[in-house]
Amino acid sequence: MDCRELAVSVRAVVAAVRATGPAAVGDGRALRVDCEPPGSVFEHVGVVRSDASVDVRAALAAAARSLDVDVEGVEALEAAREELAAVEVPEVDVSGARERVAEARAAAEAVTADVAAARGAVQAREDLDADVDAGRERLRAAVADASERETELVAAEQALARERERAREARDARERRLSLADRVGRLEREVRANRVAATWSAFRDAVAAVPGGDVDDVGAEPGSFAGADATAALAAVRVADVTAPVVVGVDRFDDAETAHRVLDAPVVLAVD
């Protein structure tokens, strides 16, 4: 599709490609593009403008994924990602458990003092041969309260021990996550490099095929490209399996049919 004579901008076409319905063009006009949802290739090179900024390695990695190019390291990367996702770091409240132990210990010590005071009062009344029934009742109540507070203290200490164990497990889990995250990052870089290498020859041929491209700009090292970003974007499109229309705002093609043939992709030409 060639929208240049209709003065439709690249921005408007991109909005229409990404929208689920009509997108405003201006002057009361709207544009609707029925297509597959844009994928990762579109995000890298789906919009080709004169001021384009293209990460060649990222674009070719996306192109390789669109082609299901089999490269080394993919299975290891998927396994590492799954292993990373499966690591759970438990929530820990050691400080709260420690505070509960301190409160329970203070309560137990206070009741122990009450028991001692009650026992002393009973002994004093016995020495005076006075009535000790009320004192013994108070003593029994204090002893029962002390037993309950001691049980609470033991439970709080056990809870603290469990939280400390969970804290150790959390530290181990965090260290495991960091290790796995490092492994995932390394494997991602390796897989991307392998994907770029796997498509580099095709990219070289594509640069030679697109208007304005110069194969001498393609370095021997995969990812090394000295040409214009727009050229790199067009060449990456030619390499990839593109579903959503590529929006081209550079003056490289006479008509949409030529652009479609050269890029082997759905194309919309628009005003940059």
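Q: In which loop is Asp 264 found?
A: The model is a predicted one. Asp 264 has a positive phi of about 55 degrees, although it is not a glycine. The loop that holds Asp 264 is the one between helix H8 (256-263) and strand S5 (267-269).

Q: Is Asp 264 buried or exposed?
A: Exposed means a relative accessible area over 50%. Asp 264 has a relative accessible area of 57%, so Asp 264 is exposed.

Q: What is phi of Asp 68, and where is the place of this residue?
A: Phi of Asp 68 is near 55 degrees, a positive value in a residue other than glycine. Asp 68 is exposed, with a relative accessible area of 67%. Its place is in the loop between helix H3 (56-66) and helix H4 (74-86).

Q: In what order do the elements of the protein run from the N terminus on?
A: The protein has eight helices and five strands. From the N terminus on, the elements run α-β-β-α-β-α-α-α-α-α-β-α-β.

Q: Why is the protein said to be more spread out than a compact globule?
A: The globule rule gives 19 Å for 272 residues. The C-alpha atoms fill a box of roughly 120 × 50 × 25 Å along the principal axes.

Q: What share of the 272 residues counts as buried?
A: The accessible surface of the protein comes to about 15600 Å². Carbon and sulfur atoms hold 46% of that surface. Of the 272 residues, the buried share is 37%.

Q: How many Å apart do the centres of the positive and negative side chains lie?
A: The protein has 35 positive and 54 negative side chains. The centres of the two sets lie apart by 3 Å.

Q: Against which elements do the buried residues of H1 pack?
A: Helix H1 covers residues 10-18, and its buried residues are Val 10, Ala 12, Val 13, Val 14, Ala 16 and Val 17. They pack against strand S1 (23-26), strand S2 (29-31), helix H2 (40-45), strand S3 (47-48), strand S4 (246-248) and S5.

Q: Which element gives the largest share of the largest nonpolar core?
A: That core has 39 residues, and Phe 203, Val 248 and Leu 263 have the most contacts inside it. Elements that give two or more residues to this core are H2, H3, helix H6 (133-209), helix H7 (229-239), S4, H8 and S5. The largest share is eight residues, and it comes from H7.

Q: With which residues is Val 248 in contact, leaving aside neighbours within four places in sequence?
A: Val 248 is among the residues with the most contacts inside the largest nonpolar core. Leaving aside those neighbours, its contacts are Val 48, Leu 234, Phe 253, Leu 263, Val 267, Val 268, Leu 269 and Ala 270.

Q: Is Glu 163 buried or exposed?
A: The place of Glu 163 is in helix H6. Leaving aside neighbours within four places in sequence, Glu 163 is in contact with Glu 91, Val 92, Asp 93, Val 94 and Ala 97. Buried means under 20% relative accessible area. At 17%, Glu 163 is therefore buried.

Q: Which residues does Arg 164 touch, not counting those up to four places away in sequence?
A: Arg 164 lies in helix H6. Its relative accessibility is 40%, so Arg 164 counts as partly exposed. With residues up to four places away not counted, Arg 164 touches Val 94 and Arg 98.

Q: How many Å separate the C-alpha atoms of Ser 50 and Glu 103?
A: Ser 50 is found in the loop between S3 and H3. Ser 50 counts as exposed, at 62% relative accessibility. Ser 50 and Glu 103 are 53 residues apart along the chain. Their C-alpha atoms are separated by 70 Å.

Definitions and conventions: Residues numbered from 1 in each chain as written. Predicted model: local features only at pLDDT ≥ 70, side-chain atom pairs only at ≥ 80, totals over all residues. Heavy atoms only, no water. Helix = DSSP H or I, 4+ residues; strand = E, 2+ residues; numbered from the N terminus. Rg over C-alpha atoms; globule rule 2.2 N^0.38 Å. Buried < 20%, exposed > 50% of the residue type's maximum accessible area, 1.4 Å probe, protein only. Areas by Shrake-Rupley, 256 points an atom, 1.4 Å probe, with all protein chains shown as cover. Lys, Arg positive; Asp, Glu negative; His and termini not counted. Charge placed at Lys NZ, Arg CZ, Asp CG, Glu CD. Contact = heavy atoms within 4.5 Å. Core = buried A, V, L, I, M, F, W, Y, C linked by side-chain atoms within 4.5 Å.
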